[in-house]
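Here's a friendly walk through one protein model. Have the sequence and the 3D view open, and follow along as we go.

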Amino acid sequence: QLVLLWPDTFNDHFFPKILHAAADVLDAAGFVVDIPRARVCCGRPVYDFGMIDRGRRLLAHTLDVLGPYLDARVPVVFAEPSCMAVFLDELPALFPKSERAKVLSQSCYTLAEFLEQRAPHAIPRSLDGETALVHGHCHEKALKKKNLEITAKALQRTGLDVEALQTGCCGLAGSFGFERDKYDVSMTVFDGDLAPKLREKAGARGERALVVADGFSCRE
């Protein structure tokens, strides 16, 4: 089966090895992996700052580029939840009469979600003895409420001892925490919930505990 891997701006420019790894995993699971044939963007970086018309133009271009895949109902796999959230939520609102927008909103999966639904037994058991704490991205928790548990289940198939943390925002919230005048608020949010739980859980599980977060801003 053909699968389209979304080359989100964050990973494409800063951590391409994550997209390469996602492609390798999908290939090993028996899927044929493709990427868009032209540069695409979900538009979030502009319309989050009020540039709605420019964001709409970016999304219209994306729908044109993805058109053949959407017409063929090809699933789209994301390594970045904030990009996926655009197509689940904002896209249908901005293009309420577009059939392709509707199809795209119904074709989005995180890597873990896609594998759990389509090829759960293709996840290799290779991490026995390791432990992992999983933090869910706010956009993903808001729009796909079961995905934190789905991600934890997929990771457990690798042999990891996994705990899905019931935590709030990491505090960075996209570019919010990078802005000088928002730094104190960002750190207060992080220290209010996520940081204490990470310290408590990681301390209880030992120094080898991994922290897993699929959002670029959360990992930062």
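## A question to start

Is Phe114 buried or exposed? Phe114 is buried, with a relative accessible area of 0%. Here buried means under 20% relative accessible area, exposed means over 50%, and partly exposed is in between (1.4 Å probe, protein chains only).

Some ground rules before we go on. This is a predicted model, where local features need pLDDT of at least 70 and side-chain atom pairs count only at pLDDT 80 or more, while totals for chains, interfaces and linings use all residues. Residues are numbered from 1 along each chain as its sequence is written, and side-chain values use heavy atoms, with hydrogens and water left out.

## The sheet

Let's look at the strands. Three of them make an open sheet, in the order E6-E5-E7, with parallel pairing. Strands (E, at least two residues) and helices (H or I, at least four) are DSSP runs, numbered from the N terminus, and two strands pair if DSSP finds at least two bridges between them. Strand E6 (161–164) and strand E7 (210–213) are the edge strands, each pairing on one side only. On average, neighbouring strands here are turned by 25° against each other, direction ignored. As background, strands of a sheet pair through backbone hydrogen bonds, either parallel or antiparallel.

Now zoom in on strand E5 (residues 131–135). E5 pairs with E7 in the parallel sense over four bridges, and E5 also pairs with E6 in the parallel sense over four bridges. On the E7 side, Ala132 has Leu210 as its bridge partner, and His135 has Ala213. On the E6 side, Thr131 stands opposite Asp161.

Which way do the side chains of E5 point? Thr131, Leu133 and His135 go one way, Ala132 and Val134 go the other way, and all are buried. Five of the five residues of E5 are buried, so E5 is largely enclosed by the rest of the structure.

## Helix H9 and its neighbours

Helix H9 (residues 147–156) packs on the sheet and touches E5, E6 and E7. The direction of H9 makes about 175° with that of E6. For such angles, axes are lines fitted to C-alpha atoms (for helices, over the stretch in contact), and angles run from 0 to 180 degrees between N-to-C directions.

Ala154 is found in H9 and counts as buried at 8% relative accessibility. Leaving aside neighbours within four places in sequence, Ala154 is in contact (heavy atoms within 4.5 Å) with Ala112, Glu116 and Ile123. Glu116 lies in helix H7 (residues 111–118), and this glutamate is buried too, at 14%.

## Helices side by side

How do H2 and H7 run relative to each other? Their axes come within 12 Å and cross at roughly 5°, and H2 and H7 are therefore roughly parallel. Ala22, Val25 and Leu26 in H2 meet Leu111, Phe114 and Leu115 in H7.

Helix H4 (residues 52–71) and helix H5 (residues 81–94) pack at an angle of about 105°, with their axes 11 Å apart. H4 and H5 are therefore roughly perpendicular. The cut-offs go like this: under 35 degrees is roughly parallel, over 145 roughly antiparallel, 65 to 115 roughly perpendicular, and the rest oblique. Among the residues making the H4–H5 contact are Ile52 and Leu59 of H4 and Phe87 and Leu91 of H5.

## Aromatic rings

The model has eight aromatic pairs. Rings of Phe, Tyr and Trp (its six-membered ring) pair if their centres lie within 6.5 Å; planes under 30 degrees apart count as stacked, over 60 as edge-to-face and the rest as tilted. Phe14 and Phe216 are stacked, at 5.6 Å centre to centre with 25° between the planes. Phe14 lies in the loop between helix H1 (9–13) and helix H2 (16–28) and Phe216 in helix H12 (residues 216–219), so the pair ties together parts that are 202 residues apart in sequence. Phe14 counts as exposed at 54%, whereas Phe216 is buried at 10%.

Back to Phe114: its ring and that of Tyr109 have centres 5.5 Å apart and planes at 70°, so this pair is edge-to-face.
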